[in-house]
Amino acid sequence: MTNPVRPLSGFAYVAQGWRLMMRPGLRAFVILPLLANIVVMGGALWWLFSQFGGWIAWLMDKVPGWLQWLDYLIWPVAVISVLLIFSYFFSTIANIIASPFNGWLSEKLEAELTGRPAPDQGWADLINDIPRILKREMVKLLYYIPRAVILLILFFIPGIGQTLAPVLWFIFGAWMMSVQYGDFPFDNHKVSFPEMKSTLRRDNMTNLQFGSLVSVLTMIPFVNLFIMPAAVCGATALWVDRYRAQFVRD
């Protein structure tokens, strides 16, 4: 099977991911991560909307008097800040739960895109691989937590917390989305986490484009219920087009 036409940007890989996850041969592998995401993100959405008003009011109370004239601008920034923090936090939980199935989906899609047969794995192999996959997820989480804490502290600084912090959080969230989803095909080929990060960083613009669009879609109610398998597929297509040749000898 020949590869699809290669997009030129990270944004295009996200769009390609939506198309790829609808392939008949992949639907069985899409269902389980999709269900995990619907359960986690659906419950999280319900909880968010029950708390949303109080959080926004709290953030607006932190605006210093000399910035009150910017209320019309700071209010939407506060809303976006809450959505950014919420979307990445709960998508991280959903990804940890669904990580074995996401790795499986990435493996099957790579086989379709390259025409190379995927390893003949069944449920027993997937279950045996869970400890290794979860360990990799913990590595990503330990990379994320200290950086996220530093950025969250900025939200408590008057002025900076309502202006600069949301911008930095969005950039960081975009990078983490590219790391989170881009890691699945790398991990399938036992590429180390530091080497994976270094590879993505060398193609920084493409991966920030990919991660930023995934971040935006993760903030949109109902769309975010379906973003996980689409992002896995898009990141796998990006791996096949740009990175696979560096690590895999067919």
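I located Glu137 in helix H4. The model I am reading is a predicted one.

I then looked up the burial of Glu137. Its relative accessible area is 3%, and Glu137 is therefore buried, the cut-off for that term being under 20%. Leaving out residues up to four places away in sequence, I found Glu137 in contact with Asn95, Ile96, Ser99, Gln180 and Phe184.

Next I turned to the second largest pocket. I noted a volume of about 170 Å³ for the second largest pocket. Which residues line the second largest pocket? I listed Ile85, Phe89, Thr92, Ile93, Ile96, Leu141, Tyr144, Ile145, Ala148, Val149, Leu152 and Trp169. Two elements, helix H3 (71-114) and helix H4 (123-154), each give two or more residues to this lining. H4 gives the most, with six residues.

Last, I examined a helix pair. Two packed helices are described by the angle between their axes and the distance between the axes. For helix H1 (residues 10-20) and helix H7 (residues 204-218), I read axes that come within 6 Å and cross at roughly 50°. H1 is therefore oblique to H7. From H1, the residues in the contact are Gly10, Phe11, Tyr13, Val14 and Trp18. On the H7 side I noted Thr206, Gln209, Phe210, Ser212, Leu213, Val214 and Leu217. The residues of this contact comprise eight nonpolar, four polar and no charged.

Terms used:
Residues are numbered from 1 along each chain as its sequence is written. This is a predicted model: local features need pLDDT of at least 70, side-chain atom pairs count only at pLDDT 80 or more; totals for chains, interfaces and linings use all residues. Side-chain values use heavy atoms; hydrogens and water are left out. Axes are lines fitted to C-alpha atoms, for helices over the stretch in contact, and angles run from 0 to 180 degrees between N-to-C directions. Helices (H or I, at least four residues) and strands (E, at least two) are DSSP runs, numbered from the N terminus. Angles under 35 degrees count as roughly parallel, over 145 as roughly antiparallel, 65 to 115 as roughly perpendicular and the rest as oblique. Contact means heavy atoms within 4.5 Å. Ala, Val, Leu, Ile, Met, Phe, Trp, Tyr, Cys and Pro count as nonpolar, Asp, Glu, Lys and Arg as charged, and the others, Gly among them, as polar. On a 1 Å grid over the protein atoms alone, a cavity is a set of points where a 1.4 Å probe fits but cannot get out, and a pocket is an open set with protein on both sides within 12 Å along at least five of seven lines; lining residues have an atom within 4 Å of a point. Grid points are joined across faces, edges and corners, and a volume is the space filled by probe spheres set on the points. Buried means under 20% relative accessible area, exposed over 50%, partly exposed in between (1.4 Å probe, protein chains only).
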